[in-house]
Amino acid sequence: MWTINNALSSLFDLVFDPMASWPAWLSLGLISAVTGVVLLLAYRYTSNQDAIGRARDDIKANMLAMKLYKDSLMVAMGAQFRVAWSSFKILLLSIPPLMVALIPVGALFVQMTGRYQFAPVPPGKTATVQAFMTEEFGAREVAGQARFELAVPEGVELLTARPWRKHDSTLACWKVRADKPGLYDLTVRAGDESLTKLLPVGDGASQPVSPLRTRYSFWEKLGFPWEEYPPQESSFRAIQIREVIETAMPDVLPVPVLGNWIVYFLVVSMAFALVFKPIFKVRI
Amino acid sequence: MNANRFLDRGRKTAPCTALRVAVVAALLLALTESRAEAYIGPGAGFAAASSVFGIALAMLAGMLALITAPVRAVFRWFRRRAAHARARVKRVVVLGLDGMEPKLTDRFIAEGKLPNLKRLMEQGCYHRLATTAPPLSPVAWSTFLTGSNPGKHNVFDFLTRNKHNYLPELSSVHVSSHRRTFKFLGREIPYGAPEIRGLRRGKPFWATLGDYGIFSNVIRVPITFPPERFRGVLLSAMCVPDLRGSQGTFSFYTTRKAEDVEHTGGEQIHVKRRGNVVESYLIGPPGKDGKPIRTPFRATIDDAGGTVKFKVCGKTHTLRKDEYSPWITVDFKYGLMKKVTGICEVLLLKTSPEFELYVTPIQIDPAAPAMPISHPGVYSTYLAKKQGPYATLGLAEDTWAMNEKILTDDGFLHQCVEADEEREVMFFDALDKVKEGLCVCVFDGTDRIQHMFWRYIDPKHPARAGQTEPSLQRRNAIEDLYLRNDELVGKVMAKCNDRHTLLFVISDHGFNSFRRGVDWNRWLIENGYMALKEDADPKAKYLKRVDWSKTRAYCLGLAGIWLNVKDREAQGTVEPGAEENALREELCEKLTGLTDPATGETAVKRAMDSRKIYRGPYTTEAPDLIMGYAEGYRVSWEAAVGDITGAVFHDNMKAWSGDHCIDPSLVPGVMFCNRAVEAERPRLMDIGPTALDMFGVKVPSYMDGQPLKVLEWGQRPAAPAAAATVRGGATRAAEQVGVSA
């Protein structure tokens, strides 16, 4: 899975990297517009356009029948049934293209999350490093057979010499701080094992920001593809930088609701899809 | 405690949530459409959202309909109360078969080929139905729908003349491509839509029904364009123009070189073949500069397969020889983001040695009409969404292309059958939807096929000279038509098989052979009523050669002859009053009984003074003389459009070999009804008043027609009238002359 994710990340880097210096509203706007148009075309070629067209026509015809023959209750009821039935048919017809679009759109969303959802830890701000361990390791640590340790590189100050631990030692936390922007390797040692986690520090994202290095589940692996997963047999389940999750990226636009990157993406991609719908003669 | 909270938070906000939501959304879309589009792309997002919206809207509308039904029922009852108590039926259905000929009907019934019409006759009745003078569809159907004589509805012919310049014009509608303008900063700024003005006067009987709250569904009754407002829905027919504004202009593309080729009703476009590709354009409406807007097409020829890939507006259609394409939607762009859409069918005639392609007149797209062709405007859209594209042109069947020998018999028949099939779907939809009210639908195939195939049942027709015996299929084209009509009647009867529905099957006129044409302008010249300019161009058309200062009468149109009256015509010479009346009488006398020297047959049964046969405010707009031709005769093709030939009588060599523009007594229509009707002389103009009467609505005084005495369901007349009517119908119809007087 890591290989696939790594390949995907590299692929998306090719797309995103040229826009790394752009303002978020512009790069996201471009991505959204292109996504809207591409998915529209994908919808066209993966759906049964004739059947969708017929269903749409049937809906329109029956809506008009309700207006034209409004005195007839039987016509109105029959037309309403037809509208509901044809709407349901369209719903069914949209499932195949939906399934086709699911994987690429999912991958795109993951990549966009790394770039527009999370922000690096601001320089000078304290960050919390959390190491999630297996219960077996916790038991060994409690028994004094293993120890936690965090090694920080130059430029990062370790604020807590001894980690704060959960009572069963399945979680250990450290406070760190870096005053200069950069991507720092933090190494957590647990017994005779060690695992590195990147600490992004800066004022804005120029590359994907990952708050979590994990092996917890399939979904989490899919969701955080930027750092290699800890091995399955490892005592580490995950390492997380808490502030990266808590400090979301600023809105792409200074506009309530619309400024949120998901809403922005949604609106722009739909707007472009709508504009190009008649040009590409797509029936949806 | 804190660590658990952090862990949970980390999991919940991670992007894996998005993936989970995406999968769940895909599977449970119907329930979770609100954010689904964020994860499945705009296409499926729209589809899902609109589907759920559609279902919700339908449910909402259903509830509203149920809740408001009692209120609307009370309101309807209130509007209909005046007629309700007297109504004898809940529904009147009129099936119009344009030009159904009683003599052929009698023959086929006698031969047992029309079982449904026979059953209808036995259940109710069958009569000859007196038509109008002249027995032309626009005149007759105008009389049908207004219940009045032409002097009150102002339609006397297909064409009338412009009093100022003597040019031919449509008699029932005025379509101007010019828009109104206002001046701004010294420039003329156009605004509004091009003017479309109906010239038919009088109120349709369905509008009167609407005044009493009775709903009507009217489909393709001639002379209903432009559509008028009333309580009901209506699809216009005759006189609906094509997208170019003409009454139907076909296009014929060929690689064959021909100079000065001119086709009536169409145009020939020379194309070049480059390799296996032919590129040309479809011709649309005039643009802002007055020149036609063109949409390019590309035809890629597969000689081996005999097929062509026809690409237009981004879509490719495979054409096979002698097979029509389906309706193709064509966009004509006339500005930034502005376009008008039309529909056409394409027929591949040849791929080699010459490439030949026929394109029907580009018709108004019913789904997005460029001008209103229905009432309400969305009715045409409703039908298009319900059944797909359909012919909208007034005269949808391209008789000119067949006359010009571009369409074969089969090519033309296809258009007729297809148009009737489209209409059948519309009509049955109306019958299914309208259980109380009026349903009227006119089918044109009867008229068009008889016009074009009569030569095959008339051994004496000149268009058959030199031809070998027609194939069985052609010989039977008219018989097949009547059989198809009978099947249609059977289906309609099945949908109207209740005592509350009154069903009429009618035709506006009958049919006869058109063997010889009469050039009245030549006759008028030879008899001293018309003179030509000495220096006139012999090729000049539309009466442009006429020296009006020396002309007292002229012919234009199918119906008759006009006098060149002073103060009425721009260059009139005949003094109104005594001189005018004397000239009318003189011409009537001379023309009645006129014989054809070549055959010795009487060409004109009688010439009628229009002022004596019409009554009403528009009588003065009629041709001064209405010609009642004898069987086999009609005005010549040339004289009908104001051209002047070298002889008075001409053989009609065109495929258009049958006609009905003769003396009305010779071409009555038919009237079948599912109830017995006691009527000595039923007339076309009586059908509307009868419908009003059956709904309990008082017949307006301006109507000339009278309600027929329709007996109760299952009741038989005192004497068996039906058979006698069939035998003697023609005679009785002859007595009435088909006019209002």
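**Stop 1: helices H11 and H12 of chain B**

Select residues 409-433 of chain B, which form helix H11, together with residues 445-453 of chain B, which form helix H12. Their axes come within 9 Å and cross at roughly 165 degrees, which makes H11(B) roughly antiparallel to H12(B). That label applies to angles over 145 degrees, while under 35 counts as roughly parallel, 65 to 115 as roughly perpendicular and the rest as oblique. The axes are lines fitted to C-alpha atoms, for helices over the stretch in contact, and angles run from 0 to 180 degrees between N-to-C directions. H11(B) passes H12(B) in a left-handed crossing, a term for a near helix turned anticlockwise from the far one by less than a right angle (right-handed if clockwise).

To see the contact, show Phe412(B), Cys416(B), Val417(B), Ala419(B) and Asp420(B) on H11(B). Their counterparts on H12(B) are Gly445(B), Arg448(B), Ile449(B) and Met452(B). Two residues are in contact here if their C-beta atoms, placed from the backbone, lie within 7 Å.

Before you go on, a word on the model and its labels. This is a predicted model, where local features need pLDDT of at least 70 and side-chain atom pairs count only at pLDDT 80 or more, while totals for chains, interfaces and linings use all residues. Residues are numbered from 1 along each chain as its sequence is written, and chains are lettered from A and ligands numbered from 1 in the order in which they are written. Helices (H or I, at least four residues) and strands (E, at least two) are DSSP runs, numbered from the N terminus.

Now keep H12(B) alone on screen. How many of its residues are buried? The count is 9 of the 9, so H12(B) is largely enclosed by the rest of the structure. Buried means 20 or more other C-beta atoms within 10 Å of the residue's own, exposed means 12 or fewer, and partly exposed lies in between, with C-beta atoms placed from the backbone. Among the buried residues are Thr446(B), Asp447(B), Gln450(B), His451(B) and Phe453(B).

**Stop 2: where H3 of chain A meets H9 of chain B**

H3(A) passes H9(B) in a left-handed crossing. From H3(A), the contact uses Asp57(A), Lys60(A), Ala61(A), Leu64(A), Ala65(A) and Leu68(A). From H9(B), Val378(B), Tyr379(B), Thr381(B), Tyr382(B), Lys385(B) and Lys386(B) take part.

Click on Lys386(B), which sits in helix H9, residues 378-387 of chain B. Is Lys386(B) buried or partly exposed? Lys386(B) counts as partly exposed because it has 18 C-beta neighbours inside 10 Å. Leaving aside residues up to four places away in sequence, Lys386(B) touches Ala61(A) and Asp429(B).

**Stop 3: helix H16 of chain B**

Select residues 578-591 of chain B. At 1.5 Å a residue, the 14 residues of helix H16 should span 20 Å, and the end C-alpha atoms are 20 Å apart, which agrees. The expected span is 1.5 Å times one less than the number of residues.

Colour Glu580(B), Leu583(B), Arg584(B), Leu587(B) and Leu591(B), which are buried. Seen down the axis of H16(B), the buried residues fall within an arc of 105 degrees, so they line one face of the helix; the arc is that of the directions from the helix axis to the C-beta atoms. On the other side, Ala578(B), Ala582(B), Glu585(B) and Glu589(B) are exposed. The cover over the buried residues includes strands S27 (553-555), S28 (560-563), S29 (604-609) and S30 (625-629) of chain B. Just after H16(B), find Gly593(B), with a positive phi of about 80 degrees.

**Stop 4: backbone details**

Most residues other than glycine have a negative phi, and most peptide bonds are trans. In chain B, go to the cis peptide bond joining Ala133(B) and Pro134(B), where omega is about -5 degrees. Pro134(B) is in the loop between strand S2 (125-129) and helix H6 (137-146). Then find the cis bond from His375(B) to Pro376(B), with omega near -15 degrees.

Finish in chain A at Ser169(A), whose phi is positive, near 60 degrees. Ser169(A) is in the loop between strand S4 (164-165) and strand S5 (171-178), and is buried, with 20 other C-beta atoms within 10 Å.
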